[in-house]
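Trainee: Could you walk me through this model, one question at a time?

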Amino acid sequence: MSEETEIDPHNIFIKDPDEWMQYVYKQVNVLVEDGSEYTGWVYTIDPVSECIVLMTFNDDKTKMDIINGSSVSSISIIDEDTELHVKAKLDAMFRPKETSLLTEEELESLKKRLKLWLIKNRLPVQLTGNNDEILSISDALFIEPPYGADNCRSTNEIILGRIQGLIKNMPADHEDW
């Protein structure tokens, strides 16, 4: 006879993502079980491991701490960054350099041009992301700014290779067709 044992589900299935999102781009104070205390700006929190990526800016130095989620005792918000200066600084740190050198208008133009090329090649393209900044093809492939072949993400290597090839072969003047 077998005994039924109930397995507790992982926190990722229980915890609401909004609980984690309330800390992103905010200055926080994190207290861990060993009594250590960390203060910095939250760049992201991994929902599976609950690890916190905390950034600290001092003069010309930037420090990153990755705090193990299982050791966190408490988190308290210190500053909300209502002007969004820190958000822009954090995002620029983790983006490819060519993206941060382009203006919003240039990125929009690249996105529009690539979207038209993909549609011309009969691919179902949709805009996704917080600000419609990501091109998505059937939720199987995502193209992030600055919209080049190296900015494609997919778990399907065949789709990834074919779309990257299509992007690399996009004529410079295809909008004039």
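**Salt bridges, sheet and domains**

Mentor: The structure holds 5 salt bridges (a side-chain nitrogen of Lys or Arg within 4 Å of a carboxyl oxygen of Asp or Glu). This is a predicted model: local features need pLDDT of at least 70, side-chain atom pairs count only at pLDDT 80 or more, and totals for chains, interfaces and linings use all residues. Residues are numbered from 1 along each chain as its sequence is written, and side-chain values use heavy atoms, with hydrogens and water left out.

Trainee: Which residue forms a salt bridge with Lys63?

Mentor: Lys63 is partly exposed at 47% relative accessibility; buried means under 20% relative accessible area, exposed over 50%, partly exposed in between (1.4 Å probe, protein chains only). The closest N and O atoms are 3.7 Å apart, and the partner is Asp65.

Trainee: How far apart in helix 2 are Asp91 and Lys87?

Mentor: Their side chains meet in a salt bridge, 2.9 Å from N to O. Asp91 is buried at 12% relative accessibility, whereas Lys87 is partly exposed at 28%. Helix 2 covers residues 85-93; helices (H or I, at least four residues) and strands (E, at least two) are DSSP runs, numbered from the N terminus.

Trainee: Is Arg153 buried or partly exposed?

Mentor: The side chain of Arg153 meets that of Glu144 in a salt bridge, 2.9 Å from N to O. Glu144 has a relative accessible area of 28% and is partly exposed. At 40% relative accessibility, Arg153 counts as partly exposed.

Trainee: Which strands stand at the edges of the sheet?

Mentor: The sheet is open, with 5 strands in the order 4-3-2-1-5 and antiparallel pairing (at least two DSSP bridges between two strands). Each edge strand has a single partner strand, so one side of each is left without a neighbour in the sheet: these are strand 4 (61-67) and strand 5 (72-79).

Trainee: What is the bridge partner of Leu31 in strand 5?

Mentor: Strand 1 (residues 27-32) pairs with strand 5 in the antiparallel sense, over 6 bridges. In strand 5, the partner of Leu31 is Ser74.

Trainee: How many Å apart are the C-alpha centres of domain 1 and domain 2?

Mentor: Domain 1 spans 17-93 and domain 2 spans 104-169. These bounds come from an automatic or database domain assignment. The C-alpha centres lie apart by 31 Å.
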